[in-house]
Amino acid sequence: MADTTSTDVAATLSEPTTASLAAAKSVLARPCSYAERTRTHTQTKTRLRLQNQAQTPADTCAIIAAGGSGVRFGDPRGKQFVPLCGLPLMSWSLLAFDEAPSISSIVVVCAEDVLDDVREKIVSKLHLHKPVWFAIAGATRQDSCYAGLLRSPVHARYVAIHDAARPLIQADAIERVIARVRAGAVAGAERTASGSSADAALTVAPNDTIDGAILAHPATDTLKLVHDKRIQTTPPRADYWCAETPQVFKRATILQANHQARVDELIVTDDASLMEQQGYIIEVVPSVDANFKVTVPEDLILAEVVLQDRIARAAQAAADEGGSAGNPTAADED
Ligand SMILES: Nc1ccn([C@@H]2O[C@H](COP(=O)(O)OP(=O)(O)OP(=O)(O)O)[C@@H](O)[C@H]2O)c(=O)n1
Ligand SMILES: C[C@](O)(CO)[C@H](O)COP(=O)(O)O
């Protein structure tokens, strides 16, 4: 659990300036993927995609796990509160989920002693559109996510669990993971309704049915299985992916899996493994843009560079369209 005190958090909260908040909202309103930037008519495509997404149901509750103590990062305030491009680090995830059309509400999980500061000095300053609930963190990430799940509204069909320590997440990536789970759930429902797997095979590919999906990227280093410093084997890299968040599941299923995990005393480091170990089918959705976790101090420097680049590009895009970075909505109306 975080040993952060209310005073510590208050001290770190450089009040978001109007300029930093406007810059943040401009870059999040215009997700600029590196891949997309290489294509022509980028902004038009992005705008059209977001318009399509606006027609998708807001059926997913975001759970932002912000209850860690950041031992590896080493800052006594907790890495989720340190300033990143003018805002407390966890603000960036909150803004991205607020922007994603499928998200109906947000649960912030944080340590009890900082809850009031998080509510008043971070969340309320962001002027989010979606309702925000709070849950009290547990001793481990697994316990914190469970607390967040219990606080999520029962009418949310899906949940998207995300590390507050991954501030580079963008609405576009959130939507892609939710869309995959939604499609997989529909395939499962169609198969059940059709009565027999032979019938289902006519309309639904068997591997379309999934119980969850996570953002992830293929491993890029050569991997070694090591015992006592001795290399045992070099597994085929193509089979290995690095897990990210968000991780999206049907709310009822992940809740049930958490209940069972507690009975079985199953301890995991991410929500997908809790599901996999109980036989559920989870898929990876390739992560296109940087979405690394801020774990050690160097990660914060990299995150600052990536965000500054996104902000600069969003400002340039707004200028190219005759708008301004501080007024992205007006620029989007043409
Ligand atoms: N009891 C915990 C532990 C972690 N987390 C959250 O889970 C995410 C990923 O965990 P990690 O990077 O391990 O964060 P910390 O536990 O804070 O870091 P460390 O392991 O270095 O102490 C973070 O957003 C962290 O705030 C949480 O909500 N509750
Ligand atoms: C959930 C996670 O971010 C996936 O990469 C990760 O497992 C968090 O915990 P970790 O202990 O830092 O791996």
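# A tour of the two ligands and the chain around them

Select T269 and ligand 2: a polar backbone atom of T269 lies 3.0 Å from an oxygen atom of ligand 2. The ligand on its own exposes 350 Å², of which the protein buries 74%. Keep in mind that this is a predicted model.

**Stop 1: around ligand 2**

A polar backbone atom of A243 is 2.7 Å from an oxygen atom of the ligand. Now show the side chain of R72, where a polar atom lies 2.9 Å from an oxygen atom of ligand 2.

Which residues are around ligand 2? Select R72, R141, D163, R166, A243, T245, T269, D270 and K293 to see them. Sorted by class, this shell holds six charged residues, two polar ones and one nonpolar one.

**Stop 2: ligand 1**

Move to ligand 1 and keep K293 on display. An N or O atom in the side chain of K293 is 2.7 Å from an oxygen atom of ligand 1. How much of ligand 1 does the protein bury? Taken alone, this ligand exposes 560 Å², and the protein buries 88% of that.

Next, select A164 and A139. In A164, a backbone N or O atom lies 3.2 Å from an oxygen atom of ligand 1. In A139, a backbone N or O atom lies 3.4 Å from a nitrogen atom of ligand 1.

**Stop 3: a cis peptide bond**

The peptide bond from T245 to P246 is cis, with omega near 15°. P246 has its place in strand β10, residues 241-250. As background, most peptide bonds are trans.

**Stop 4: a hairpin**

Select residues 225-227, strand β8, together with residues 230-233, strand β9. How do these two strands pair? They run in the antiparallel sense, with three bridges. To find one bridge, pick V226, whose partner in β9 is I231.

Two residues lie between the strands, which form a hairpin. In the turn, select D228: its phi is positive, about 50°.

**Stop 5: H127**

Another positive phi is found at H127, where the value is near 50°. H127 is in the loop between α6 (115-126) and β5 (132-136). In general, most residues other than glycine have a negative phi.

**Stop 6: confidence**

Colour the chain by pLDDT. The mean for the protein is 84, and 75% of its residues reach 70 or more. Select residues 1-7, where pLDDT is below 50; in the model this stretch has 22 contacts beyond near neighbours in sequence.

Then select residues 194-204. Here too pLDDT stays under 50, and the model has six contacts beyond four places in sequence for this stretch. For the model as a whole, ipTM is 0.98 and pTM is 0.84.

Notes:
Residues numbered from 1 in each chain as written. Chains lettered and ligands numbered in written order. Predicted model: local features only at pLDDT ≥ 70, side-chain atom pairs only at ≥ 80, totals over all residues. Heavy atoms only, no water. Polar contact = N/O pair within 3.5 Å; in protein donor to acceptor, adjacent residues only side chain to side chain. Areas by Shrake-Rupley, 256 points an atom, 1.4 Å probe, with all protein chains shown as cover. pLDDT = per-residue confidence, 0-100. Contact = heavy atoms within 4.5 Å. Pairing = 2+ DSSP bridges. Helix = DSSP H or I, 4+ residues; strand = E, 2+ residues; numbered from the N terminus. Near = heavy atom within 4 Å. Nonpolar A, V, L, I, M, F, W, Y, C, P; charged D, E, K, R; others polar.
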